[in-house]
Amino acid sequence: MALAQRLDLRQAQTLVMTPQLQQAIKLLQLSNIELSDFVDREIEQNPLLERDSGPGDGGSDPAGPADGGDVPGGLDGPGGMEANGLSIDGLNGRDDGPALPPSDGRTRDTVEMTSSDTMVSSSESPLDTDFENVYGDDRFSDGSDGGSEVYGSYGERGGRSGFEDDDSNLEATLTSEKNLRDHLTEQLKIDLTDLGDQLIGLALIDMLDEAGWLVGFDAQALAEQLGCDAGRVERVLAACQRFDPPGIFARSLKECLAIQLREKNRLDPAMAALLDNLELLAARNLPAIMKVCGVDAEDVADMVADIRKLNPKPALAFDHTPAQLVTPDILMRPNPGGGWLIDLNPDTLPRVLVNHRYFARISDGARNKADKEYISERFQSANWLVKSLHQRATTILKVASEIIRQQDAFFIHGVSHLRPLILRDIAEAIGMHESTVSRVTTNKFMATQRGVFELKYFFTSAIQGADGQASHSAEAVRHRIKTMIDAEKPEDVLSDDKLVEILRAEGIDIARRTVAKYREAMKIPSSVQRRRAKMSRM
């Protein structure tokens with residue numbers, strides 16, 4: 001076979017992941033916080049993009065795109081789309097249609113789900129009305145028409161009339177919670193007067209973990225680091241262990257509890273023996289505890305009660321970080337006429353505008369090819385971002401609507417009626433790929449009448465029914481196991497084998513090891529430990 005060079009023309013179809021397509025896929029899996037940060041970065045880089053702050057701010061042009069107005073990238077236009085027999089209204093623009101002018105910012109993307117599996121627009125429904133505080137036009141008056149009666153000076157409404165009062169105290173308005181380091185440093189400077197001891201104490205403070213423990217503490221290593229004697233480090237540590245809160249600077253759970261018991265004058269020989277055998281207390285082995293401590297059952301109950309009053313993590317009272325509240329992406333509520341009303345949360349949807357007027361102005365002023373190419377590329381990028389945001393919101397609404405349809409019994413009757421569901425079920429129902437559904441359900445939350453749930457919560461594996469046909473959700477089975485354990489009596493504690501028998505009698509075919517796995521995942525102790533704990537409370 002001869003080797004030679006030649007030219008061939010071939011025609012083939014391939015799927016190319018363009019940067020725009022990669023961006024659209026990336027936007028699907030972003031949470032609302034990550035999406036807001038992404039949009040802010042795009043606005044900084046693209047002069048044709050701007051946020052729509054709502055009506056009356058002067059930032060948007062009332063004219064449509066044909067007149068050089070702005071193109072909204074949020075979900076406030078009157079457009080719609082049809083997919084899988086679902087009528088989804090309230091989404092701005094169609095995928096193949098022209099951009100729409102911005103609305104007044106008061107409409108919401110609402111889908112009404114009825115018993116016939118049809119969703120219709122509920123923008124006219126009274127439940128979809130935004131009840132806001134509405135003020136008259138006189139709120140900015142100068143007082144000539146009575147506006148001063150409401151918007152009078154601060155002094156007239158009971159406050160101070162100005163800053164001329166001699167008794168005003170600015171420091172009284174400043175509030176700051178004291179953190180653990182400051183609290184311990186103040187005590188260190190008072191109790192330890194030697195500068196070298198204070199330096200050792202500061203090093204010990206820096207070594208504390210979140211619970212206030214010195215985990216893995218090595219006095220010799222710290223002494224070599226600071227250039228002092230290990231005995232001096234131990235003496236400073238002993239002094240620091242007397243600081244408030246009690247139990248701070250402990251090196252183990254035993255030492256933490258001992259410090260607090262010594263503070264309360266309750267560290268007697270029997271209590272010390274109990275601290276040396278905490279594993280017996282964790283196992284609720286009361287006979288072994290009585291034998292080790294040399295006390296009777298009544299004394300053991302008193303000792304256990306004293307230990308329960310202690311704080312094993314004393315540092316948690318300081319440096320408390322407030323829990324971050326979850327902002328739901330989908331809002332769901334019952335429809336008085338039957339079914340459910342589904343809204344996309346407007347607080348999590350970025351409202352992005354493409355400034356056509358500014359684009360036309362700078363396009364006319366571009367003098368060279370490089371400037372024209374840059375302006376054109378920025379304009380295309382801005383339009384694509386608006387379209388990607390719209391497509392993301394539409395996809396989230398589709399997936400959430402199908403999840404609600406599939407899990408309708410859960411929202412009506414509770415977790416015991418949660419049905420098995422996998423990503424493929426939703427993907428086939430809405431005509432999308434399974435990976436797309438996976439991205440949509442990542443870090444997305446839905447507010448329902450039963451609480452706020454991540455969309456991933458509704459996807460659970462199936463457990464075969466005893467009849468070989470019906471299947472049950474693993475989450476519903478876990479809930480059933482916990483319900484039975486919570487209702488058990490001290491004299492009739494349910495073992496794993498007994499739980500299997502009850503579940504099989506209810507039509508759930510489950511193995512004993514599966515019951516044990518679910519029980520351990522819910523941090524429920526074994527039947528022996530539960531029996532000891534319940535008997536100790538009697």
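Helices (H or I, at least four residues) and strands (E, at least two) are DSSP runs, numbered from the N terminus.

Which residues of α1 are buried? In this helix, residues 19-28, they are Gln23, Ala24, Leu27 and Leu28. These residues sit on the same side of α1 because they cover an arc of only 145 degrees around the axis, the arc being that of the directions from the helix axis to the C-beta atoms.

## About the model

This is a predicted model, in which local features need pLDDT of at least 70, side-chain atom pairs count only at pLDDT 80 or more, and totals for chains, interfaces and linings use all residues. Residues are numbered from 1 along each chain as its sequence is written, and side-chain values use heavy atoms, with hydrogens and water left out.

## How α1 meets α2

Let's look at this pair in more detail. α1 and α2 pack at an angle of about 145 degrees, and their axes are 10 Å apart. Axes are lines fitted to C-alpha atoms, for helices over the stretch in contact, and angles run from 0 to 180 degrees between N-to-C directions. The crossing of α1 past α2 is left-handed, that is, the near helix is turned anticlockwise from the far one by less than a right angle (clockwise would be right-handed).

On the α1 side the contact involves Gln23, Lys26 and Leu27, which meet Leu35, Phe38 and Glu42 in α2. By class, the residues of this contact are 3 nonpolar, 1 polar and 2 charged. In this scheme Ala, Val, Leu, Ile, Met, Phe, Trp, Tyr, Cys and Pro count as nonpolar, Asp, Glu, Lys and Arg as charged, and the others, Gly among them, as polar.

## Glutamine 45, also in α2

Helix α2 also holds glutamine 45, which has a relative accessible area of 48% and is therefore partly exposed. What does glutamine 45 touch, leaving aside its neighbours within four places in sequence? Its contacts are Tyr374 and Arg378. Arginine 378 is 333 residues away along the chain, yet its C-alpha atom is separated from that of glutamine 45 by 8.9 Å.

In helix α7 (residues 253-263), the buried residues are Glu255, Cys256, Leu257, Ala258, Ile259, Gln260 and Leu261. Their cover includes α8 (269-276), α9 (278-282) and α11 (297-308).

The loop between α6 (230-240) and α7 contains proline 245. The peptide bond to this proline from aspartate 244 is cis, with omega near 5 degrees. Asparagine 265 lies in the loop between α7 and α8, and its phi is near 60 degrees, a positive value in a residue other than glycine. Asparagine 265 counts as exposed because its relative accessibility is 73%.

## Another asparagine with positive phi

Asparagine 443, in the loop between α16 and β10 (445-448), has a positive phi of about 60 degrees although it is not a glycine. With 32% relative accessibility, asparagine 443 counts as partly exposed.

## The chain overall

The chain has 20 helices and 13 strands, and 40% of its 538 residues are buried. Among contacts between residues at least 6 apart in sequence, 61% join residues at least 24 apart. The chain exposes about 31900 Å², with carbon and sulfur atoms supplying 50% of that area; accessible areas come from the Shrake-Rupley method with a 1.4 Å probe, and for residues only the protein chains shown count as cover.

Terms used. Buried means under 20% relative accessible area, exposed over 50%, partly exposed in between (1.4 Å probe, protein chains only). Contact means heavy atoms within 4.5 Å.
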